Amino acid sequence: MPSPIRALPDELISQIAAGEVVERPASVVRELLDNALDASATQIVIRLLSGGIRLIHVEDDGCGIPRDQLALALQRHATSKIGNLHDLEAVGTLGFRGEALAAMASVSELTLASRTAADEHAWSLQARTGELRPFARAVGTSVEVRELFFSTPARRKFLKSEATEYAHCMDVVRRHALSHPEVGFAVWHDGQCTAQWRAHSGPEAFKARASDVLGSEFIEGSLSVQVQQAGLSLQGLIGVPDQARSRADQQFMYVNGRFVRDKVIQHAVRAAYEDVLHGQRQPVFVLHLGLDPLGVDVNVHPTKIEVRFRDGRLVHHFVQSTLKAALAAPRSATPDAPQASLGLSSPEPRPALQASGFASGMPARQSTLGLRADPQWQAFRPEPLTFNDVQAAPKWAATTPHTGAQVQPVVTGNAMGASVNATERSTEPAHDDMPLGHAVAQLHGVYILAENAQGLVVVDMHAAHERILYEQLKQQLDAQPLETQPLLVPLSFAATPEEIATAETHAETLSQLGLDLSPLSASRMAIRSVPARLAQADGVALARSVLAELAEHEASTVLERHRNELLATLACHSAVRANRQLSLMEMNALLRQMEATERSDQCNHGRPTWRAVSLKELDQLFLRGR
Ligand SMILES: Nc1ncnc2c1ncn2[C@@H]1O[C@H](COP(=O)(O)OP(=O)(O)OP(=O)(O)O)[C@@H](O)[C@H]1O
Ligand SMILES: [Mg+2]
């Protein structure tokens with residue numbers, strides 16, 4: 001016999017609802033900070049005891065709550081922030097559900113104290129007893145949450161150690177602090193001040209706060225982004241690939257001022273970094289996306305951490321293309337861009353580097369000396385590329401360096417469409433228009449040592465050449481489809497209905513990737529051709545992974561990724577190998593090409609291609625004062 005249906009008591013309803021909103025002390029901190037910021041606070045003080053488990057106290061100097069509305073503030077579904085559906089659709093405040101205080105009150109000992117500018121003194125309301133008392137405090141609000149989950153012990157057991165809970169609370173504070181540099185924040189934990197960030201103003205406020213929260217190294221190793229387009233805006237700081245971390249713990253994304261974790265944006269960021277990031281490394285960034293509130297639904301999840309975009313494709317494209325463009329410029333040729341320093345000391349402000357002459361396309365100057373094959377040089381010449389008849393390998397033209405004659409190795413077909421020639425004059429003082437400087441030596445057949453105006457540059461020659469080739473291949477193949485190899489005996493494999501549907505929907509994309517898939521029955525598919533370069537690869541695994549990606553992501557992204565993977569493999573096999581002796585001319589030619597090639601700071605696998613050691617760093621190594 002089933003139990004009879006009955007209405008649940010109010011308190012239990014609140015506790016069930018609280019489960020969605022309040023998971024741990026950090027959730028309480030998040031809700032209280034949301035409220036303080038919505039009340040236009042300029043100073044917020046957070047006090048925690050035992051990682052917030054025993055006490056969370058948040059005090060602000062915002063607008064306050066009038067005495068007669070204190071009780072209402074604690075009621076479920078009571079809010080001052082929206083009044084109708086229209087308000088909900090265009091919500092501009094962080095809160096709007098009117099349930100946070102009620103949820104917290106149902107699982108803790110909560111006291112709300114507040115004073116508006118019109119009040120003579122503050123009033124304090126104890127949630128459990130309803131006791132209202134005069135209270136002493138300036139205009140603003142303080143909320144005290146004691147003994148979280150004291151009434152729901154099962155929940156309390158899920159809490160982690162105090163240190164872990166404290167760390168989660170700090171994460172929340174950092175998120176809010178980063179998006180509100182104009183607000184001062186102070187955090188106290190077990191009686192000790194653990195963070196104090198004063199309010200900033202002016203155009204540099206955002207950077208100043210990012211420096212407070214993430215450290216000055218973050219600012220030095222990041223690029224500024226500020227783009228407005230088609231009703232969307234994106235601004236913030238993105239770390240250069242070198243700054244990437246093994247954990248995704250420094251990724252701060254805000255949509256209209258709200259911290260979010262959104263799949264569309266995460267994928268767009270990942271795609272933008274894909275070509276320059278090593279393995280599973282995670283980029284660091286603080287980015288603010290702005291758009292018409294009507295274009296985004298924030299009422300998707302009780303904690304408001306997820307959002308839904310009306311036009312997700314537009315947002316994806318905007319974020320990806322903006323970040324990709326910011327990351328493409330080689331830092332060696334970008335004035336004021338963070339340099340690939342060895343980090344022996346904090347880098348000095350650098351003199352502006354002149355990038356002219358590289359990207360603008362200097363005319364190629366052919367060597368006037370007769371070209372004679374030099375055996376040593378022959379040895380260095382990259383293996384010829386045969387892919388799709390593209391002659392992508394640089395045609396290094398040089399005479400024998402042993403004669404001491406002035407020769408110019410000419411590198412043609414670089415990624416920017418510019419031919420760069422390098423004059424060998426290693427004795428000439430390095431100057432700023434050659435940011436990677438003059439080659440002075442080759443080290444162990446692996447590295448090029450160069451001298452530039454700031455000090456020493458070390459280049460991984462294989463890694464650098466690999467990137468240059470890769471970028472050339474990408475450019476040259478932009479207009480052409482990949483070469484395919486028909487299979488004499490088609491491969492057949494068991495396919496799910498979803499895979500078959502995806503193959504049908506994206507037949508054109510698949511053929512652009514060099515894959516020809518057709519259904520054999522309701523549960524099997526045949527692979528009739530594969531990309532020529534991957535004829536030896538496991539065709540079934542390739543088809544499955546491409547189908548899985550197409551089902552999840554936009555066709556254009558998948559297309560680009562797989563094409564790029566092929567090209568990267570190709571470039572890696574064609575780039576100069578270690579232990580090839582290079583002449584100074586060849587080394588200089590490589591340096592000049594790096595300066596003119598997009599993304600040349602990283603090899604195709606995301607590893608750095610060069611590092612700089614400034615004179616100051618060298619001086620420090622030798623304890624030499626200047
Ligand atoms: N620090 C504060 N300063 C001024 N008013 C506040 C403060 N905190 C809460 N309030 C008032 O109390 C009301 C209820 O707060 P509560 O956090 O429960 O709901 P909300 O912020 O409106 O929505 P949400 O549940 O999405 O957070 C708010 O609408 C606001 O009017
Ligand atoms: Mg709220």
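Begin at the largest cavity, which holds about 180 Å³ of space. A cavity here is a set of points, on a 1 Å grid over the protein atoms alone, where a 1.4 Å probe fits but cannot get out; lining residues have an atom within 4 Å of a point. Grid points are joined across faces, edges and corners, and a volume is the space filled by probe spheres set on the points. Select Arg-30, Asp-34, His-176, Arg-258 and Phe-259, which are the closest to the centre of this cavity among its 15 lining residues. The structure holds four cavities of 30 Å³ or more.

This is a predicted model, in which local features need pLDDT of at least 70 and side-chain atom pairs count only at pLDDT 80 or more, while totals for chains, interfaces and linings use all residues. Residues are numbered from 1 along each chain as its sequence is written, chains are lettered from A and ligands numbered from 1 in the order in which they are written, and side-chain values use heavy atoms, with hydrogens and water left out.

Rings of Phe, Tyr and Trp (its six-membered ring) pair if their centres lie within 6.5 Å; planes under 30 degrees apart count as stacked, over 60 as edge-to-face and the rest as tilted. The ring centres of Phe-252 and Phe-259 are 6.3 Å apart and the planes stand at 65 degrees, so this pair is edge-to-face. Tyr-254 and Phe-259 are also edge-to-face, at 5.7 Å centre to centre and 75 degrees between the planes. Phe-252 is buried, at 4% relative accessible area, and Phe-259 is buried at 13% (buried means under 20%, exposed over 50%, partly exposed in between, with a 1.4 Å probe and protein chains only).

Next, select Arg-67 and Trp-123. The charged end of Arg-67 sits over the ring of Trp-123, 4.0 Å from its centre; this requires CZ of Arg or NZ of Lys within 6 Å of the ring centre and within 35 degrees of the ring normal. Lys-304 lies over the face of Phe-96, 5.7 Å from the ring centre.

Finally, select Leu-32, Leu-33, Ile-44, Ile-46, Met-104, Val-145 and Phe-185, the residues with the most contacts inside the largest nonpolar core, which has 57 residues. Such a core is a set of buried Ala, Val, Leu, Ile, Met, Phe, Trp, Tyr and Cys residues joined through side-chain atoms within 4.5 Å. A second, separate core of 32 residues includes Val-225, Leu-232, Val-296 and Val-315.

Conventions:
1 Å grid on protein atoms, 1.4 Å probe; cavity = no way out; pocket = protein on both sides within 12 Å on 5 of 7 lines; lining within 4 Å.
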